[in-house]
Amino acid sequence: MKTMGAAKFKEQCLALLDRLDRDGLVITKHGKPVARVLPYDRQDADLIGSLRHKIEVKGDIFTTGIRWDADA
């Protein structure tokens, strides 16, 4: 895990966030750790759309197939 002083982090913040690895970055003040920056876990976002063109839906998925009278 990398360590960096707060002043240097402030100067390079946006560039550092673009290159952030999975171990993150520890921010220090006067040599003492004060914060840890970790990348946001996007694992779940990778699942969205992952089954596109791999499954086939048969029938109407928006109904139970049972007719009923809501006014009764």
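What follows is a walk through a predicted model, from the sheet to the helix, the core and a few single residues.

**Stop 1: the sheet**

Start with a cartoon view. Strands β1, β2 and β3 form an open sheet, in the order β1-β2-β3. The pairing is mixed. Now select residues 2-5 for β1 and 32-37 for β3. Both strands stand at the edges. Each has a single partner strand, so one side of each has no neighbour in the sheet.

**Stop 2: the β1 and β2 pair**

Select residues 25-29, which make up β2. Strands β1 and β2 run parallel and are joined by 4 bridges. For one of the bridge pairs, pick T3 and look across to V26 in β2. As background, strands of a sheet pair through backbone hydrogen bonds, either parallel or antiparallel.

**Stop 3: the helix on the sheet**

Next, select residues 6-18, helix α1. This helix packs on the sheet and touches β1, β2 and β3. Its direction makes about 125° with that of β1. Helix α1 has 13 residues. From first C-alpha to last it reaches 17 Å, close to the 18 Å expected at 1.5 Å a residue. Where is the kink in α1 centred? Colour Q12: the kink is centred there, at about 80°.

**Stop 4: the core**

Show side chains for M4, F9, L16, L25, I27 and V37. These 6 residues are the largest nonpolar core. Which elements give two or more residues to this core? They are α1 and β2. In soluble globular proteins, nonpolar side chains tend to be buried together.

Centre on L25. Setting aside residues up to four places away in sequence, L25 touches K2, T3, M4, F9, L16, L20, A35, R36 and V37.

Is I27 buried or exposed? I27 counts as buried, at 6% relative accessibility. Beyond its neighbours within four places in sequence, the contacts of I27 include M4, G5, A6 and F9. Its contacts also include K32, P33, V34, A35 and V37.

Now draw a distance line from the C-alpha of I27 to that of T63. The two residues are 36 apart along the chain, and the line spans 54 Å.

**Stop 5: a buried threonine**

Select T28, also placed in strand β2. T28 is buried, with a relative accessible area of 13%, and the cut-off for buried is under 20%. Not counting residues up to four places away in sequence, T28 touches T3, M4, G5, A6, P33 and V34.

**Stop 6**

Most residues other than glycine have a negative phi.

Select H30, in the loop between β2 and β3. H30 is not a glycine, yet its phi is positive, about 55°. Is H30 buried or exposed? H30 is exposed, with a relative accessible area of 85%.

Finish at H53, in the segment after β3. Phi of H53 is near 65°, again a positive value in a residue other than glycine. H53 is exposed, with a relative accessible area of 77%.

Methods. Residues numbered from 1 in each chain as written. Predicted model: local features only at pLDDT ≥ 70, side-chain atom pairs only at ≥ 80, totals over all residues. Heavy atoms only, no water. Pairing = 2+ DSSP bridges. Contact = heavy atoms within 4.5 Å. Axes fitted to C-alpha atoms, helices over the stretch in contact; angles between N-to-C directions. Expected span 1.5 Å × (residues − 1). Bend = angle between axes of the 7 residues up to and from the residue. Core = buried A, V, L, I, M, F, W, Y, C linked by side-chain atoms within 4.5 Å. Buried < 20%, exposed > 50% of the residue type's maximum accessible area, 1.4 Å probe, protein only.
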